[in-house]
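Thank you all for making time this morning.

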Amino acid sequence: MNAQDKVALVVGAQGVIGKNLIEHLASLGDWEVIGLSRRGGESAGRVRHVKVDLLDAEDCRVKLAELGRVTHVFYAAYQDRPTWAELVAPNLAMLVNVVEAIEPVAPGLRHVSLMQGYKVYGAHLGPFKTPARETDPEHMPPEFNVDQQRFLEQRQRGKAWTWSAIRPSVVGGVALGNPMNLALVLAVYASISKELGLPLRFPGKPGAYHALLEMTDAGLLAKATVWAATEPRCANQAFNINNGDLFRWSELWPSIARYFGLEAAPGLPMSLDVVMADKGPLWDAMTSKHGLAGHSYQDVSSWRFGDFVFSWDYDMFADGTKARRFGFHEFVDTQAMFFRLFDELRRMKAIP
């Protein structure tokens with residue numbers, strides 16, 4: 001293998017993070033890319049896909065045995081479970097299975113990148129210290145993000161490869177069929193509101209309308225992830241990655257309403273998971289009426305995640321200056337990001 005060869009193994013290739021990471025790596029021109037996922041995918045150009053059950057250690061060992069040229073592992077897989085405790089076993093097992101399968105067969109392995117999030121700081125549990133910093137102490141377990149990082153730290157000792165941990169906020173992207181896509185939640189909620197002749201009401205907790213939040217654009221995240229994986233100074237470090245600006249729904253919500261040609265009305269706390277559960281037939285009718293691409297209602301529904309985000313009646317942001325100190329200076333305007341994502345969803349005919 002040439003010292004300059006770069007072969008990326010993107011684990012979780014069909015998620016919003018993985019898809020954008022693959023697109024970015026492919027655009028750079030000097031990477032060969034292999035995507036791992038349960039669904040597989042269409043191989044094209046410098047990108048090929050491998051279908052694998054990450055929870056099956058033997059399947060991982062067999063499917064990854066042929067991938068001996070891999071130099072960089074980008075781990076962005078995730079399996080949802082009903083409780084925080086239940087998340088630990090499957091999400092830790094998938095990472096362990098991948099590393100234990102690829103490390104023995106890839107002698108040129110240089111780096112393992114781990115995608116995390118603000119759960120490391122306990123952001124999902126309630127009001128936490130903001131801005132959160134990479135040096136903040138751990139919180140009471142269970143927490144799979146922490147267990148995954150600890151596994152990598154222990155596994156890496158004495159090895160030639162290094163690791164990095166990337167911690168985005170809520171990620172903005174357009175991947176459909178994804179359980180954590182806030183842009184899609186907003187777009188579909190607004191589209192259905194418009195179809196029913198309703199104004200756009202904030203459905204979350206009253207306090208959440210005024211809390212300080214931030215987002216992480218999926219394209220920005222992809223750039224930061226590859227930067228951290230290839231910049232020697234970033235070896236064995238964790239980085240918060242965010243757009244670089246803060247917002248409140250109270251400021252952004254009226255702008256989102258205007259984008260969709262709607263009035264913004266006073267908020268009304270409600271569970272989207274409950275009130276949107278019966279909207280499948282309406283969506284089917286909208287698909288026919290507006291000539292949409294025909295995505296199922298399930299594929300465009302991330303209501304549970306919407307409820308989760310809109311329940312944050314406390315500040316949700318982290319200090320992103322460490323990445324800047326280490327040399328990453330990209331930033332994204334969050335309102336512009338949302339409008340760009342909505343535009344893209346319309347181009348895809350995912351929404352009217």
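**A buried tryptophan and its surroundings**

Let me start with Trp253, which is buried, with a relative accessible area of 0%, where buried means under 20%, exposed means over 50% and partly exposed lies in between, using a 1.4 Å probe and protein chains only. Before I go on, please keep in mind that this is a predicted model, in which local features need pLDDT of at least 70 and side-chain atom pairs count only at pLDDT 80 or more, while totals for chains, interfaces and linings use all residues. Residues are numbered from 1 along each chain as its sequence is written, and side-chain values use heavy atoms, with hydrogens and water left out.

How many aromatic pairs are there in this model? The count comes to 26, taking rings of Phe, Tyr and Trp (its six-membered ring) as paired if their centres lie within 6.5 Å, with planes under 30 degrees apart called stacked, over 60 edge-to-face and the rest tilted. One of these pairs joins Trp253 to Phe310 in an edge-to-face arrangement, at 6.0 Å centre to centre and with 85° between the planes. The two partners come from distant parts of the chain, 57 residues apart, since Trp253 belongs to helix α7 (residues 249-259) and Phe310 to the loop between α10 (303-309) and α11 (321-326); helices here are DSSP runs of H or I with at least four residues, strands are runs of E with at least two, and both are numbered from the N terminus. Phe310 also counts as buried, at 2% relative accessibility. Both rings are part of a cluster linked by ring pairs, whose members include Tyr189, Phe202, Trp249 and Phe342.

Turning to the helices, α1 (residues 16-28) and α6 (residues 218-230) pack at an angle of about 65°, with their axes 8 Å apart. The axes are lines fitted to C-alpha atoms, for helices over the stretch in contact, and the angles run from 0 to 180 degrees between N-to-C directions. On the α1 side the contact (heavy atoms within 4.5 Å) involves residues including Val16, Asn20 and Leu28, and on the α6 side residues including Ala218, Thr225 and Val226.

Where does Gly173 lie? Gly173 is found in the loop between β7 (170-172) and α5 (182-195), and at 3% relative accessibility it counts as buried. Leaving aside neighbours within four places in sequence, Gly173 is in contact with Val16, Asn181, Ala183, Ala218 and Leu341. Gly173 and Asn20 are 153 residues apart in sequence, yet 8.0 Å apart in space, C-alpha to C-alpha.

**Backbone details**

Finally, a few words on the backbone. The peptide bond from Thr130 to Pro131 is cis, with omega near -5°, and the bond from Pro141 to Pro142 is cis as well, with omega near 15°. Pro131 is found in the loop between β5 (111-115) and α4 (144-156), and Pro142 is found in the loop between β5 and α4 too.

Asn236, in the loop between α6 and β10 (237-241), has a positive phi near 60° although it is not a glycine, and at 29% relative accessibility Asn236 counts as partly exposed. Lys349, in the segment after α12 (334-347), likewise has a positive phi, of about 55°, without being a glycine, and Lys349 is partly exposed, with a relative accessible area of 44%.
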